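Take a look at the structure first, and then read on.

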Amino acid sequence: ANHNLQQDYLRGGQRMTLLPLDIPPGIVKVDSPNAAKGRYTDSDKIRFIRGRPEKWRGWVKIVADQMLGKARGAVSWTNRFGNTNAAFGTNRRLYAFIGGDTLENITPMRATGVSLGADPFEVEEDSTIVRVTHVEHGADAGAFVTFSGAVSVGGITVDGEYEIIEVIDANTYTIEHSTPANANATGGGNSVRADYELNPGQPDTASGHGWGAGPWGEGTWGTERDTGIDIDFRYWSLQEYGNELMASPSGGSLYLWEQQTDDRAEHVTNAPASARAMFVTGERFVFMLGTTSPMTVQWPDQDDPTDWTPTAANTANVRTLQVGSRLMNGVALVDGVSLVWTDIGVYVFQYTGTDLVYDSRLAGTSCGLIGQHAFTKASGVAFWMSPQGFHMYVGGVQVIPNAEDVRAWVFRDIDPEQVLKTWCIYDQRNHQVRWHYCSRGATEPNRYVDVSLHDFSWTIGTLDRITGTLYRPSTGSSLLVSHDGYIYEHDIGTDADGQPLRATLTFGLYALTRGERNVDIMGLIPDCERQSGYLKYTIFTKDWPNSPGILDVQSVTLAPGDPEANLRVCGRFFSMEIESNQIGGDFRLGIPHLE
């Protein structure tokens, strides 16, 4: 009561000037906080719906199992029974998420039923390490092998699945058994057979510096290069194909998983041995990109995905594009129209039904794809991020409206060594497109920038997710994967898997009389369409826009229904941050007022 009397005295017994904070939607990062007065300048876990900011919905871990490796690629689809499945490809394995609660390893097998010859195992007393002899095994460290038919050696029986710990040479590698041997021995019998999973790929981009690295003819023949070539990390192209899954790992071939008949994804006969990316067109052609050269597009017969050799009797074809140094990815946009991106531009493939099958034309340059998964589509429109900015295709290439509000800031923030890990998802529930990327110094995506397709307002924030896919179209939820390989269903509840989901929103600097006089901020009148939990309002002032520190600051915490808060903050320029950070917290902001 004494505090209220003091405020009334400072006001001269009457209500002072009220300043409504009626702000247009979207975050502006291209201007200074002072130049962006009357706008929002920062956010985290905030989106704009019908022009007003509100907190994100939360997420929950959907399955306890952890995937091995770094996930780079995801897709969801409806199977023949009407159930929603999802698939995730990591640098180590391919997984299917089925029934809403089961994560299955469906990694293709590289070789099965291979006989290892007589007594392939060597063990040492008190050691769990087993040395395996297999001539020209072709395995890499980190791959998985399953043994059968072995007899005991040194008191242990090598049977079941093992991870390859170390590759000693082309004929020998080691695994680790669950228990140590009780003697030095060589054995295993004459009937040992091995099944090898697909070798793992790189989790990160690596550089090759050995013989043959770099452009042909550069330097002295036969010498190691000082600078090499980048070896891409493994990412997956995953597509629905007739209610089943078509999958292709970068640098690998093509695989099909039929849920009712296959435990593992099976190699598609005669498919190209290697490709950079794959997608399925609306006409059910499987496009493989970067097969015989980095710029080659190849597809099989429409009626037979095992027939890849073009003849007069089929619709298979091969085409080499010209603008760019490598193909990045592609997407079926609408029936009859597909896009294929290079690192420099984008091509349109128009289905013709003639002997050439597709007409291809260059649709734009300086608008290539920044990362293999940095695109999505919504309502027949493609959206993507290029090394220059944000683009959309609506009959032609356009810059996404209002992208300049954030573009320069994002490209200063993004780590130039990690741009290939940028990925994109369409948020159907909120009709937004969101890009996840690595900020400077980060090795995995930890920030996002998104655009609302309602009004093309942009927001930014932080989130540790490395791939994802729309999951349930009926509810609009998505499945996103964390850095450590767990799958979370997003747009569920208000919290971050049982923890508070912190959301913040920051206003640009205000100044009355152009900053020529000090301003006393005496009160705050909140306005929320909905609020659960407390909201923390922090009002801070600066003497001048570029002043290095804060002149004055005060925070107040308001519960739902609190009509106002008394303040005493002074300065030439002032701003405010709103924060929600407790279990069950939520809000949708209206038009708050400062007094």
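Start with Lys 421, which is buried, with a relative accessible area of 4%. Here buried means under 20% relative accessible area, exposed means over 50%, and partly exposed lies in between, using a 1.4 Å probe and protein chains only. Before going further, please note that this is a predicted model, in which local features need pLDDT of at least 70 and side-chain atom pairs count only at pLDDT 80 or more, while totals for chains, interfaces and linings use all residues. Residues are numbered from 1 along each chain as its sequence is written, and side-chain values use heavy atoms, with hydrogens and water left out.

What does Lys 421 pair with? Its partner in a salt bridge is Asp 204, with the closest N and O atoms 2.3 Å apart. A salt bridge is a side-chain nitrogen of Lys or Arg within 4 Å of a carboxyl oxygen of Asp or Glu. Side chains of opposite charge can pair when their charged atoms come close. Asp 204 lies in the loop between S18 and strand S19 (206–208), and Lys 421 in the loop between helix H2 (407–413) and strand S37 (423–427), so the pair ties together parts that are 217 residues apart in sequence. Helices (H or I, at least four residues) and strands (E, at least two) are DSSP runs, numbered from the N terminus.

Glu 197 is buried at 2% relative accessible area, and Arg 264 is buried at 19%.

Another salt bridge joins Arg 47 and Asp 491 (3.8 Å, N to O). This pair links parts of the chain 444 residues apart: Arg 47 is in strand S3 (residues 46–49), and Asp 491 is in the loop between strand S43 (487–490) and strand S44 (503–507). Both residues are buried.

Now step back to the whole chain. How many salt bridges does a search of the whole structure find? The search finds 24. The secondary structure comes to 2 helices and 53 strands, and of the 595 residues, 53% count as buried. The C-alpha atoms fill a box of roughly 100 × 65 × 60 Å, taken along the principal axes.
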